[in-house]
Amino acid sequence: MASPSTSYRLAVASRALAALAGGYLLTASMIGALALFLPMERAAAALTATMLSFAIYACSVLWAFAARSAWLAWAVIALPALALEALLWSRSLLVIP
Amino acid sequence: MAWLHAWAGWPAGWILYAVFISGTLSYFRPEISHWMRPELATAREHPDSVAMAMRILQERAPDSSRWVINLPNEREPTLRVGWMAATEPGKADRLIGRFDGVVLDPSTGKELQPRQTRGGDFFQRFHYELGLGQVWGRWLVGVCAMAMLIAILSGVIAHKQLFRNFFTFRPGKGQRSWLDAHHAVGVLALPYHLLITYTGLITMMFMYMPAAVETAYRYDPGGFLIEAFPNPPHAQATGRSARLTAIEPLLQQAERQWNGAAPATIVIEYPGDAGARVQMQRSAHGKLTHTGQFIIFDGVSGEMLSIWGEESGAMQAHGVLYGLHMARFSSASLRWMFALCGVLGTVMVATGLVLWSVKRMPQRAEGERAMLSQRVVEILNNGTITGLPIAVAVYFWANRLLPVTLAERPAWEVRCFFAAWALMYVAALLQNARTAWPRHFFAGALLFALLPLVNGLTTSAHLGITLMQGPAIYAGFDLSMLGIAALLAIAAWNTSRERPERKEAAGDTLPSGTPMLEERS
Amino acid sequence: MSFLTFALAYAGLAALSLAMNRHAREVFQRELADGPRLALRSAGGCLLVVSLILTAASSGWPVGTVEWFGMLTASAVACVLLLTYYPRAAGVLAAVLPALAVVVLIHDRYMAWSSP
């Protein structure tokens with residue numbers, strides 16, 4: 001059995017990074033958004049969003065390894081994460097503490 | 001997906017084995033703690049516990065700001081009475097002060113002096129901290145729990161014939177048997193594994209995933225705890241003295257409110273003051289949610305002031321998920337079901353770890369030395385899978401054999417646990433793998449089987465007595481030790497048999513080595 | 001949770017397992033036709049549902065559901081072990097256990113009814 005090639009190793013590492021780090025950031029931004037936009041009281045929304053977080057993270061990790069290519073894995077994880085982060089950041093510009 | 005399952009399960013596997021074993025033991029935390037304090041063996045429940053507790057409190061701490069009564073129950077038959085001791089004469093503030101208390105036998109009123117030990121609490125804390133402290137330990141367990149969740153989900157997705165092979169177990173076929181065993185224990189208790197992993201993550205969810213709370217409460221940092229988990233307000237001292245109301249009628253009121261469920265804890269704030277409050281907490285039995293259920297009474301008039309439980313749907317959901325993990329609500333038979341599932345989970349992790357070694361063994365020719373990485377995995381597997389049960393047994397042995405007056409006794413018991421565990425890795429290092437497994441399992445079986453004997457020689461609450469007169473907790477514990485010994489003996493017998501190394505039909509054996517990620521099988 | 005509900009859960013799972021060719025071969029020494037297999041599957045499913053309803057009736061739906069899952073796991077373990085080592089016994093028990101449980105139930109009811 002030939003040892004895995006460098007490109008294979010890079011692909012695996014890339015997917016792992018997308019899963020672990022990208023997935024966590026996606027989860028964080030999603031639950032941040034959910035906490036603000038769920039139609040419940042603030043505390044209930046934050047609680048619900050946090051309870052859902054592990055399911056979101058698990059889906060991200062599974063996607064990162066099930067996607068047809070490492071690039072696709074990154075795209076589906078990073079783009080929504082960046083969009084949501086931008087949305088949440090814009091809120092901090094508008095909210096008057 | 002099979003690739004992901006192997007790589008998610010494997011590095012975290014050793015940690016998860018420790019988490020599963022200590023978690024299963026934690027289902028019986030009160031029983032273990034009770035057994036480890038044999039001075040409490042004579043305690044029996046008694047209906048007049050409250051009156052007894054009030055008498056002690058009036059004698060010992062009449063000026064205290066806070067009295068706490070832990071009522072006896074089936075699993076903890078002692079009456080525990082505590083109070084905030086005054087740091088200056090006559091002034092006991094609830095915020096500063098030393099908490100003092102006694103343990104009583106409710107049937108005789110006698111004060112008991114249990115030996116110093118961490119009891120079952122050690123296993124519970126080890127379960128989510130592994131002895132590594134609040135930060136490192138909890139994060140490590142959390143990461144491994146997340147890996148477990150991924151392993152479960154990827155395992156289900158990868159196992160195409162999940163239901164076709166549901167009832168299949170073919171022993172004695174080498175590698176195939178290990179896989180069958182792993183499938184069997186994994187699939188049979190699949191709802192449990194999913195539940196326990198997810199709810200386990202829930203218990204520490206604010207530590208692992210703070211983003212939701214942080215975002216919603218960015219401009220109001222303390223607000224979340226106040227809104228999501230409101231606590232009953234503390235009483236205020238008025239400085240005027242007034243007679244404390246009778247407690248027994250309040251007990252009955254509480255029981256009526258809770259449809260027959262009894263209070264487990266009574267807290268009296270500022271007894272003897274006009275602003276006194278009596279707070280009763282419901283026992284966990286029979287109510288799924290983990291959130292505490294309180295009733296507050298006025299301490300002078302006995303009037304029911306407020307009832308506290310969960311409010312919003314989200315709080316209820318959180319309480320139930322948390323409660324499902326702790327399983328405090330369960331009856332005895334349901335608790336044994338949970339423990340059975342915990343054992344299945346432990347076996348699932350163990351067989352998964354062993355599959356790693358077993359898959360690589362056919363690649364070696366007879367007599368050829370194993371690769372270093374294979375040897376390291378073998379040693380870690382052996383030291384963890386056989387070493388942890390042995391460490392648990394040693395912890396119980398230490399509880400009976402260490403002198404009662406030893407300074408830092410609880411710490412020494414824990415040191416014995418870790419020392420035994422560490423030694424098992426050394427033992428695995430020094431031995432041939434094939435003989436080490438049965439020997440270690442046999443040693444574990446022996447240690448557990450002899451525990452009731454050690455108990456009999458060092459205490460007066462041994463099986464000869466407890467089987468006839470009780471307490472049932474002691475009899476149950478000793479018998480469980482024999483049961484664990486039997487399981488380990490079966491494992492020893494199983495690992496000592498020669499595995500038939502025969503040519504298997506194509507498609508019957510696993511492909512040697514770990515499947516590559518890009519293979520779509 | 002009671003002996004009856006456990007027996008029903010076991011019988012249900014055993015029926016489902018016997019509807020599979022692999023296990024029918026072990027117990028009946030032959031494969032079953034489609035008709036009996038469908039009957040076994042339906043019976044198995046019904047027994048499981050009845051077991052759930054009875055458990056929920058006595059312990060309430062929240063705790064009852066949890067108890068039911070626990071019983072399923074325990075009876076699944078029993079079923080697998082029996083099918084592996086004593087397949088005939090697995091099949092026999094599927095009929096005997098519920099019958100025994102009903103007898104016990106009737107006995108308990110009779111004792112309660114006849115005592116003052």
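In this predicted model, seven residue pairs are in polar contact between chain B and chain A, counting pairs in which both residues have pLDDT 80 or more. On the side of chain B that touches chain A, at least two residues each are supplied by α1 (2-26), α5 (136-158), α7 (190-203), α8 (205-208), α9 (211-216), α10 (223-228) and α12 (313-326) of chain B. Of these elements, α5(B) gives the most, with six residues. By class, this side of chain B divides into 31 nonpolar, four polar and four charged residues. The contact as a whole takes 39 residues from chain B and 36 residues from chain A, and the area buried between chain B and chain A is about 3400 Å², with 76% of that area given by carbon and sulfur atoms. Two salt bridges are found across the interface of chain B and chain A; one of them joins the side chains of R42(A) and D220(B), with an N to O distance of 3.0 Å.

Two pairs of chains touch in the model, and the most contacts are found between chains A and B. Chain A and chain C do not touch, their nearest C-alpha atoms being 19 Å apart. The contact of chain C with chain B involves 23 residues of chain C and 24 residues of chain B, and the area buried between chain C and chain B is about 1900 Å², of which carbon and sulfur atoms give 80%. Within the area that chain C buries against chain B, V66(C), T73(C) and V80(C) supply 25%, more than any other three residues. The elements of chain C that give two or more residues to the side touching chain B are α1 (3-18), α2 (21-28) and α4 (61-85), and the largest share, 16 residues, comes from α4(C). The side of chain C that touches chain B has 16 nonpolar, five polar and two charged residues. Chain C itself contains five helices and zero strands, and the C-alpha trace of chain C spans about 55 × 30 × 25 Å along its principal axes.

Chain B contains an open sheet of eight strands in the order β4-β3-β2-β1-β5-β6-β7-β8, with antiparallel pairing. The edge strands, each of which pairs on one side only, are β4 (111-112) and β8 (304-308) of chain B. In general, strands of a sheet pair through backbone hydrogen bonds, either parallel or antiparallel. Strand β5 (residues 263-269) of chain B pairs with strand β6 (residues 277-282) of chain B in the antiparallel sense over six bridges. Within this pairing, P263(B) stands opposite R282(B) in β6(B), and T265(B) stands opposite Q281(B) in β6(B). On to the following strand, β6(B) and β7(B) run antiparallel and are joined by five bridges; here the bridge partner of Q281(B) in β7(B) is F294(B). Q281(B) is therefore a residue of β6(B) that is placed opposite T265(B) and is also bridged to F294(B) in β7(B).

Two helices of chain B are described in relation to this sheet. Helix α3 (residues 49-60) of chain B lies across β1 (66-70), β2 (79-85), β3 (98-104), β4 and β5 of chain B, and runs at about 25° to β2(B). Helix α11 (residues 248-257) of chain B packs on the sheet by touching β5, β6, β7 (294-298) and β8 of chain B, and the direction of helix α11(B) makes about 145° with that of β7(B).

Over all chains, the count of salt bridges comes to 14. Among them is a pair within chain B, in which the side chains of E31(B) and R75(B) meet at 2.9 Å, N to O. This pair links distant parts of the chain, with E31(B) in helix α2 (residues 29-35) of chain B and R75(B) in the loop between β1 and β2 of chain B, 44 residues apart.

Definitions and conventions: Residues are numbered from 1 along each chain as its sequence is written. Chains are lettered from A and ligands numbered from 1 in the order in which they are written. This is a predicted model: local features need pLDDT of at least 70, side-chain atom pairs count only at pLDDT 80 or more; totals for chains, interfaces and linings use all residues. Side-chain values use heavy atoms; hydrogens and water are left out. Contact means heavy atoms within 4.5 Å. Buried area is the accessible area (1.4 Å probe) that two parts lose on being put together, summed over both. A salt bridge is a side-chain nitrogen of Lys or Arg within 4 Å of a carboxyl oxygen of Asp or Glu. A polar contact is a pair of N or O atoms within 3.5 Å; within protein, one must be able to donate a hydrogen and the other to accept it, and residues adjacent in sequence count only if both atoms are side-chain atoms. Helices (H or I, at least four residues) and strands (E, at least two) are DSSP runs, numbered from the N terminus. Ala, Val, Leu, Ile, Met, Phe, Trp, Tyr, Cys and Pro count as nonpolar, Asp, Glu, Lys and Arg as charged, and the others, Gly among them, as polar. Two strands pair if DSSP finds at least two bridges between them. Axes are lines fitted to C-alpha atoms, for helices over the stretch in contact, and angles run from 0 to 180 degrees between N-to-C directions.
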